[in-house]
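Dear colleague,

Please find below the structure for your review.

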Amino acid sequence: MTKTPGALYRVMAAAEMVTWTLLIVAMVARYGFAYEGPLFFAAGLSHGIIFLAYCITAVIVGINLRWGLGTITMAVLSAIPPWMTWPFDRWLERQEKLRGQWRLEDSGDPRDQHWIDRVVRLGLRYPLWSFVLIVAGMALAISVLLTLGPPTEWGGS
């Protein structure tokens, strides 16, 4: 686990931007230059995996650092347009929302009694099990999405 939640968030925000860049390069190669090699699939899959990992990270870090629901929602939504996680990261930094440590124990604060906080603390105390569960969930989600095919085919005509 990274030393602070803010550090983990930053790594994932940067990774999300890098995979967006790779996906855009692959799309230009495919649609602009008729490139049909494995680059498009690899870029799309890696971006999909990192996108989901970033969203999960934003939710966990947001709960841990006690962001409001609006901030957590904006963090997740910032992954949709290309490269928006960076300006959002800068905004979080200016608002001092990336400061703080991992909350592994109940501090006695009434907010620590909420079931979501308990689940996040449990997951943070057992990072290996949490990682396995998250990876399994992501593998399931990606498998379902790959089975469904491109969103343009979801209309079902």
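**Charges over rings**

The charged end of Arg-30 lies over the ring of Phe-40, 4.2 Å from the ring centre. Arg-90 is placed over the face of Trp-86, with 4.9 Å to the ring centre. A charge is taken to sit over a ring if NZ of Lys or CZ of Arg is within 6 Å of the ring centre and within 35 degrees of the ring normal.

Please note that this is a predicted model, in which local features need pLDDT of at least 70 and side-chain atom pairs count only at pLDDT 80 or more, while totals for chains, interfaces and linings use all residues. Residues are numbered from 1 along each chain as its sequence is written, and side-chain values use heavy atoms, with hydrogens and water left out.

**Aromatic pairs and the core**

There are four aromatic pairs, defined by rings of Phe, Tyr and Trp (its six-membered ring) whose centres lie within 6.5 Å; planes under 30 degrees apart count as stacked, over 60 as edge-to-face and the rest as tilted. Tyr-9 and Tyr-54 form a tilted pair, at 5.6 Å centre to centre and 50° between the planes. This pair links distant parts of the chain, since Tyr-9 is in helix H1 (residues 5-33) and Tyr-54 in helix H2 (residues 39-64), 45 residues apart. Helices are DSSP runs (H or I, at least four residues), numbered from the N terminus. Ring pairs join Tyr-9, Tyr-54 and Trp-67 into a cluster.

Both Tyr-9 and Tyr-54 are buried (under 20% relative accessible area; exposed is over 50%, partly exposed in between; 1.4 Å probe, protein chains only). The largest nonpolar core has 21 residues, and Tyr-9, Tyr-54 and Trp-67 are among those with the most contacts inside it. Such a core is a set of buried Ala, Val, Leu, Ile, Met, Phe, Trp, Tyr and Cys residues joined through side-chain atoms within 4.5 Å. H2 gives the most to this core, with six residues.

**Loop residues with positive phi**

Arg-66, in the loop between H2 and H3, has a phi near 60°. Trp-83, in the loop between H3 and H4, has a positive phi of about 65°. Most residues other than glycine have a negative phi. Arg-66 counts as partly exposed because its relative accessible area is 27%, and Trp-83 is likewise partly exposed, at 40%.

**An exposed tryptophan**

Trp-129 belongs to helix H6. Trp-129 counts as exposed because its relative accessibility is 60%.

Yours sincerely

How values were computed
Helix = DSSP H or I, 4+ residues; strand = E, 2+ residues; numbered from the N terminus.
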